[in-house]
Structure formats: C-alpha cells, structure tokens
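Here is a friendly briefing to read alongside the model. Please keep the sequence and the 3D view open as you go.

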Amino acid sequence: MLSSDQLGPQWDCPLGSKGLEDKEGPWGGGSGLPPPDYFPGSWRLDVGLDCKASPEGAEARARTAYYYSLLQSCLQQAGLPETQDRSQVPRTGRPGAEVTLCILGSPSTFLSVLLEGGVQSPGNMLLCLSPAWLTKVPAPGRPGEAALLVSKAVSFHPGGLTFLDDFVPQRQATYFLVGLGPGPGQGREAAELARDLTCPTGASAELARLLEDRLLTRHLLAQRGGVAVPATLAFTYKPPTLLQGGDGSPGLRLVELSGKEGQETLVKEEVGAFLHSEALGDALQVAIKLSSWRWRGRQALRLHPRAEVGTVADTVVALLEKLEEEESVLVEAVCPPARLPAPGNPPPGLELALRICAVVCRTQGDRPLLSKVVCAVGRGNRPLRHQNSLPRPLEAALAQGGLGECVALLWFLQLHLVESDPNHFASQLVQTFIHFDVTEHRRDEENARLLAELVRARGLQLDGCFSYWDDCLVLTALLCQELGLPCSPPAAMRLAKQKSRTQLHLLRRQGPPWPSPSLHAVPCCPLESEADVERAVRQVPLPGVMKLEFGAGAVGVRLVEDARQCHQHFSRIAHDLQGEADHPGIGLGWGNSMLLMEFVEGTEHDVDVVLFRGELLAAFVSDNGPTRLPGFTETAACMPTGLAPEQEAQLVQAAFRCCLGCGLLDGVFNVELKLTGAGPRLIEINPRMGGFYLRDWILELYGVDLLLAAARVACGLRPAVPPHPRAAGYLVGVTGLVSQHLQVLRSTASQEALQALHDRGLLRFNQFTSLEEAQVPGEYEEPYCSVACAGPSPAEARLRLLGLCQGLGIDGPHYPVAHFLSHFK
C-alpha cells in the first residue's frame with residue numbers, strides 16, 4: 001500500500017445541512033454503534049454472524065455486522081461475488097493438519113492479502129470479523145504459551161469467492177495477523193489474542209504503538225536515522241519511554257507537559273517562538289492535530305495562517321483537554337501540494353516524503369516474504385430476461401433535447417410530463433401532462449409535496465420518476481421520496497448538485513472502504529461575498545478555478561492567477577448573472593453563489609456510469625481536448641478513450657467511488673475528472689446522464705441507451721447493459737461556437753447543410769440550442785453544436801474531421817481544430 005497523505009481540512013460550508021454528510025467517525029453519530037446503512041449497496045444481511053461458542057453483546061454484534069457489510073461493499077466495488085453463507089453446515093477437517101492463515105481485522109485493510117491468499121492456498125486464508133470467533137487454549141507441553149483456535153471465519157478461494165464458515169472441530173491457526181480495531185476495548189482484546197501464541201504472529205500492540213504514533217516515528221527517524229521531517233512543535237503529556245528526556249532533533253521541538261490544565265502561558269510562548277522560527281521556512285500555514293497510536297490518522301485537522309499566533313495557541317490549549325497518556329498535540333508546517341514531474345522533465349526541487357506500508361511474513365528459516373499486492377478492478381452484471389422499452393413519444397421528445405425544465409413520471413410504461421410551460425410541444429406527446437411551475441428551486445421541498453398531492457389526486461399509480469435536467473434533480477429526488485419511488489436520497493442529490501459541498505464532503509471521506517474518495521477530491525472554498533474571496537485565496541492554492549456553485553455548460557468558469565483576478569471575476573459574475581432571466585438553463589434558479597478550487601494539471605475526461613443499488617453496471621470513458629483558457633468551454637472530444645487500460649480503470653474506479661462517497665446509488669451519472677501525474681482528480685459530479693452529444697455517441701458506439709437505462713433504474717428495474725461493452729469504432733468531434741463561427745453557421749455550415757451531411761452518414765451533427773439563443777457574450781457562451789466523424793481508429797476519425805472542418809470553415813486561425821484534436825494522437 002502506497003500512501004501520500006492528503007490534507008482533508010474541515011472547511012466551513014455556509015450552506016451545509018444536517019444529513020448524509022454530517023456523520024462523524026467510522027460509526028457515525030457518536031453512539032459507538034455503526035449505522036445499518038453506512039455502506040451503499042445491496043447484499044443479504046440475514047447471515048449467521050453469531051458464534052455459538054462465544055455469544056456477543058449488542059455493541060459487539062453491531063460491530064461484527066459493520067465489518068461484514070464493509071467486506072461486502074469491498075467485494076462489490078471490486079466486481080467480486082457476494083459472500084455465501086454456509087455456516088449452517090460446519091466445515092470438518094483434521095485439526096492441526098491444515099495450514100490456517102488467520103487475519104483478525106478490517107476487510108478493507110487486508111483485502112489484497114486475503115484475495116492473494118485465496119489463490120495461493122484456497123480455503124486456508126481466513127478472515128475473522130470478531131475476536132469472539134477465536135479462542136485461546138493452553139498449548140500442551142509448552143508452559144506459558146497458547147494455541148489459537150478458529151470457530152468461525154470468512155474463507156477465501158480463487159476467483160474472489162468467499163464463504164462464511166463454521167468449523168467443527170475448531171481449526172488451529174498456523175499464522176495469525178491482527179489489525180487493531182478503532183475502539184480501545186476491541187484493540188486490547190485483539191492484542192491479548194496475539195500475545196504468547198505458539199504460531200507466528202504478524203502484529204502486536206507494542207509494534208502498533210511504535211509504528212502508528214506519528215510523533216514517535218518522526219523523532220526516531222530524525223534522531224537515529226538523520227531523516228528530514230516536517231518542522232514540528234509537539235506538546236506531549238506523559239510521553240512514552242522512547243520520547244522521555246530525549247533531545248530535540250533539527251526541526252522537531254518536544255515540550256513535555258506536567259499537566260493538561262494551566263498551560264496557557266507555556267503554550268503561547270512555545271507557539272510564538274515556533275511560528276517565528278526559521279525551521280518553518282517559507283510555510284504560510286500550520287496544521288494542528290492530535291497524535292498517538294490510538295488515533296491512527298483519524299483525528300480532525302485544523303489549518304491556520306502562520307501569522308495567527310493567538311489563534312494557533314488557543315487551538316492547542318483546547319486540544320490539551322482531550323489528551324490521554326502517551327498522546328501529543330502537534331503544530332507542523334503545511335507544505336504546498338507536490339507537483340509531480342511529467343515524463344522527460346527534470347524532477348521538481350521540492351523533496352517529497354512518502355509513507356510506504358507493506359504486509360510481510362516470514363518463511364521457514366526466518367526469511368521475509370512479501371506477497372504481491374493485488375488490485376481487483378471489475379464490473380458485474382446479471383442481465384434481465386426481459387427488456388422493456390420506453391414508449392416512442394417520450395423517446396422522440398427526449399431525443400430532441402427540448403423538454404427544458406421538466407420531470408418525467410413513468411406510469412405502467414405510459415408517460416405524463418411535469419413542465420412549467422403550459423404550451424410546451426412535448427405536452428402533446430405524453431399520456432398525462434401536469435402544468436406546474438418548477439423554476440424556483442429554493443422551494444423544491446414545498447413543490448415536491450404539492451406535486452405529490454396532484455399525482456395522488458389524479459389517482460396515478462407511478463412506477464418511477466426521473467429527470468435529466470440539472471435544475472430538477474433535487475426536486476425529482478424529493479418527489480420520489482414523497483411517493484415512495486426508487487431514487488438516490490435527496491441528501492445525495494443536494495450534495496452532488498452543489499460543487500463545493502461535493503469536494504469538501506469527499507475530502508472528509510477518509511474511508512473505509514479503501515481507497516477512499518478523498519484521494520480524488522480537490523481543495524476548494526465556497527464564495528458568497530467579497531469577504532469569502534479574501535478568505536479563499538489564503539486557503540486554496542493558486543492558480544485556481546472559479547465557477548458557479550450550481551452552474552452548467554462551463555458558463556462563468558474561469559482560470560484565476562492571483563487575488564486580484566479572483567475579486568474581479570467574482571464581481572463580474574455577481575453583476576452579470578444574478579438570476580435565471582440573465583442566462584436561462586445554467587442553474588441560476590439555485591442562485592449565483594461561486595466557489596474557488598485548486599487548478600490541477602492533466603488531461604480531462606468524462607466518465608458516464610450506470611449504477612443500480614450501489615453496484616457499477618457499466619462505465620463509458622471519453623477524452624476531452626484542451627479548453628480555450630482562461631475559459632473552460634469544451635472544444636473537442638473522442639470516444640472511446642485513448643488511455644491505456646489501467647488508466648481507464650483508474651478513472652472508472654475514481655468516478656464510481658466518488659458517486660458512492662456522495663451517496664449516489666441508483667441512476668446514470670456523469671463524472672468529470674482530470675487524470676494527473678498523481679492519479680484521477682474530480683472536477684465535478686453531474687447527478688444525471690451526460691449532456692450534449694454523450695447519449696447519442698454511447699448509443700452509436702456501444703448500443704447502450706443511457707436514457708433507457710435511467711428510466712429502468714427509476715422504475716426499480718436492473719438495466720440490461722453489457723458488463724464490458726466494446727465500442728464499434730471511434731468518434732472524434734469538435735464543438736461549434738457562435739462567437740467563432742457565426743458567419744460559417746449562416747453559410748457553409750448552416751443547420752440545413754450540417755443536417756444533410758448527417759443524413760448522408762458523412763458526419764454526426766448534434767445541435768444543442770438555436771442560433772438565436774446561442775448569441776450571448778463570449779465569456780458566458782455555451783457550445784452551439786457538435787460535429788463529429790467516425791472511423792475504425794482515432795487517427796482516421798481525426799483526419800476525416802479535420803478535413804471536413806477545413807472545408808466547412810470551422811477550422812481557422814482563431815479556432816485551431818488541429819490543436820484541439822492533438823490530444824487524441
């Protein structure tokens with residue numbers, strides 16, 4: 001396992017609300033018990049988790065059930081089958097004759113080892129989810145030592161197959177690896193099981209104390225190994241023996257406290273001296289955190305500017321009250337985000353430090369052995385026998401992309417539409433039409449109740465409800481909740497709808513399961529006033545990206561280099577885009593709040609995923625060309641992706657985990673990501689199917705209709721999509737902009753001319769809006785259309801498109817199509 005620790009600060013979020021994103025800690029709610037629905041997905045819970053030989057109390061049973069659900073979530077995300085319960089028929093064997101490799105710990109931590117063990121020694125790699133599943137008995141003829149017996153476990157087999165097994169008689173462990181749990185009681189129980197065993201063990205409480213205490217490891221590395229560590233000021237209370245009386249190391253200042261109270265003067269003096277010292281170098285911020293082996297990286301992190309001496313001192317004093325013996329409060333320098341070098345470029349001057357953890361064991365002769373680490377990536381699908389289709393009237397209406405703000409209600413495979421415009425053309429294409437004003441989305445909860453009353457008053461028995469229009473997604477979820485229809489929770493839709501809340505929520509999701517979605521989130525700060533802008537430029541590394549919280553179509557998105565540009569762009573948006581009337585259809589019905597997020601380098605990609613009850617059924621990855629900075633309007637795209645398979649898998653898994661991390665379990669979602677030198681980074685989640693041309697392209701290349709898939713999920717039906725779809729060729733396209741192509745769009749590349757070429761199969765033409773509606777200031781412009789060419793390879797499709805754009809006049813000095821297509825070589 002390779003970990004580069006990423007900051008996950010508790011940023012203030014003025015629009016935050018109680019609900020999905022407010023659970024704290026691994027159990028949530030502070031009760032000590034895990035919530036039953038903590039992990040998304042679907043699996044059987046009526047399995048035999050009780051151990052007859054050692055009954056558990058209520059809290060222990062809840063913890064065991066938590067770990068079982070965690071295991072199922074990890075298996076499901078890896079595309080592996082659910083654990084089969086065969087505990088009613090105990091396994092028999094020859095006690096002492098079998099190899100029994102037993103792990104007591106979190107499934108997410110040890111999954112790769114367990115899967116590999118199931119391949120190398122089928123049925124002999126066992127995972128115990130509770131200490132009650134294990135028993136210590138005196139070892140015959142070996143005074144003071146004990147044998148470890150296994151009563152119940154999850155056994156691993158080739159292909160990722162797992163079984164919940166009881167063993168009669170009990171199996172004797174020949175190797176035992178324990179991962180100490182998050183609760184202190186469970187940790188002590190696990191440590192006691194591992195003590196004085198006849199079999200080799202892979203961990204102990206003593207080893208955990210040595211490796212998991214961040215301050216102790218830094219002290220030992222700096223003092224005995226001469227390793228450079230971040231500048232750190234540590235206040236310790238009754239420190240462990242290895243820290244007592246030790247001299248400070250360069251950049252590491254240890255202050256032993258006689259007590260936890262009455263330390264204000266000492267803390268203020270030490271903090272002031274540290275923040276003004278040369279040890280901090282050029283650091284502009286410091287982080288304050290608790291440190292001990294008990295916390296294991298789960299503590300809250302607080303960031304403060306280096307200049308705020310009083311605030312830092314007050315924060316330290318407040319944390320001192322929480323200290324127990326052998327714990328510390330750390331004040332340390334915040335290093336800027338690492339910029340990894342591109343291939344062929346010299347490495348950066350900044351020294352990087354990584355924590356590398358490996359699970360090893362020893363063979364006969366005391367020789368170390370490291371099993372290969374397995375990364376299981378896959379998707380599962382069980383096709384339905386029958387595949388229903390949408391009625392053609394709605395299919396035709398939706399295909400035209402002209403429904404505007406609407407909610408489509410499904411009723412026994414008939415359709416009735418909710419729309420704000422009483423004269424909308426689609427009102428004649430459905431069986432039932434409901435005229436209702438849904439444009440004021442800050443009243444969605446009230447509107448959902450009113451719509452539900454209208455549906456009930458008409459006696460309609462609905463099978464599903466869905467929308468592909470950004471502004472109506474939260475309303476749709478609320479209406480589904482009112483009517484008891486399948487849908488992702490409204491809290492999840494709200495979370496995905498507001499871009500800053502998406503990122504900040506995911507930054508706090510440190511797992512399990514691993515890898516956590518926090519690895520893909522990007523630091524950001526919400527903006528509602530000029531004061532917020534001033535605060536944001538101190539917290540978010542620049543250059544950054546400013547965008548509308550609820551925006552669509554990249555309208556108003558801009559690269560900002562410094563604080564002056566941030567203030568200028570905020571003021572411009574606040575003046576120009578105040579409400580829906582200023583620019584219809586881009587989300588201003590939700591307000592014009594903004595956010596500032598860090599700008600990340602890398603190639604941009606769309607991942608359209610189909611999820612059903614938390615399971616990934618299919619994913620489609622496309623590549624985007626370079627945008628015309630400082631704006632971010634799309635220029636070009638290619639499908640399928642030209643990335644290597646392992647890079648494509650990274651993007652798919654990142655998109656999937658980000659959706660699950662926000663609670664999006666059912667539906668078709670569009671996730672925009674950048675692939676950087678350090679892996680995928682999230683731009684934003686659109687909690688609906690991809691817009692513009694994406695639905696048509698996926699239907700053309702893969703034969704999968706995202707609209708039909710969304711409708712089936714909305715009815716609680718599993719979409720019949722292939723688990724590993726293969727594309728029937730490539731499509732490469734460019735967007736047309738009125739600001740750049742008005743003259744040719746009225747002549748050589750008119751709507752009629754492009755449609756005629758489309759009908760002849762020479763190109764694919766997707767029109768997004770009318771020519772008149774698209775004539776807005778260039779800074780707030782959306783694409784007018786997409787023109788694409790197909791080919792058996794991306795190179796051939798690219799060459800056809802370039803020639804066609806040159807002939808139509810779309811290519812030109814101010815719109816260099818060849819440059820936009822250069823990413824797809």
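The charged end of Arg86 sits over the ring of Phe163, 3.9 Å from the ring centre. A charge counts as sitting over a ring if NZ of Lys or CZ of Arg is within 6 Å of the ring centre and within 35 degrees of the ring normal. Lys152 likewise lies over the face of Trp133, at 5.8 Å from the ring centre. Please note that this is a predicted model, in which local features need pLDDT of at least 70 and side-chain atom pairs count only at pLDDT 80 or more, while totals for chains, interfaces and linings use all residues. Residues are numbered from 1 along each chain as its sequence is written, and side-chain values use heavy atoms, with hydrogens and water left out.

**The chain as a whole**

- The secondary structure comes to 21 helices and 32 strands; these are DSSP runs numbered from the N terminus, with helices (H or I) of at least four residues and strands (E) of at least two.
- Of the 825 residues in the chain, 52% are buried, where buried means under 20% relative accessible area, exposed over 50% and partly exposed in between (1.4 Å probe, protein chains only).
- Among contacts with a separation of 6 or more, 67% join residues 24 or more positions apart; contact means heavy atoms within 4.5 Å.
- Carbon and sulfur atoms hold 52% of the accessible surface of about 36,600 Å², which comes from the Shrake-Rupley method with a 1.4 Å probe, and for residues only the protein chains shown count as cover.

**Helix H1 and the glycine after it**

- H1 has 20 residues and reaches 29 Å from its first C-alpha to its last, close to the 28 Å expected at 1.5 Å a residue; the expected span is 1.5 Å times one less than the number of residues.
- This helix is mostly covered, with 14 of its 20 residues buried.
- Gly79 follows H1 and has a positive phi, near 75 degrees; its place is in the loop between H1 (58-77) and strand S2 (84-85).
- Gly79 is partly exposed because its relative accessibility is 32%.
- Gly79 and Gly160 are 81 residues apart in sequence, yet 9.1 Å apart in space, C-alpha to C-alpha.

**Aromatic pairs**

- The whole structure holds six aromatic pairs; rings of Phe, Tyr and Trp (its six-membered ring) pair if their centres lie within 6.5 Å, and planes under 30 degrees apart count as stacked, over 60 as edge-to-face and the rest as tilted.
- One of them joins Phe692 and Phe768, which are stacked because their ring centres are 4.5 Å apart and their planes are at 25 degrees.
- Phe692 lies in the loop between S29 (679-686) and H16 (694-702) and Phe768 in the loop between S31 (764-767) and S32 (785-791), so the pair ties together parts 76 residues apart in sequence.
- Phe692 is partly exposed at 36% relative accessibility, as is Phe768 at 22%.
- Tyr815 and Phe820 form an edge-to-face pair, with centres 4.9 Å apart and planes at 70 degrees.
- Tyr815 is buried at 2%, and Phe820 is buried at 3%.

**Strands covered on both faces**

- In S21 (residues 524-527), Cys524 and Pro526 on one side and Cys525 and Leu527 on the other are all buried.
- S21 pairs with S24 (residues 594-598) in the antiparallel sense over four bridges, and strands pair if DSSP finds at least two bridges between them.
- Cys524 has Met597 as its bridge partner in S24.
- In S27 (residues 636-639), Ala636 and Cys638 point one way and Ala637 and Met639 the other, and all are buried.
- S27 pairs in the antiparallel sense with S26 (residues 615-624) over two bridges and with S30 (residues 730-736) over four.
- Asp623 stands opposite Cys638, while Val734 in S30 stands opposite Ala636.
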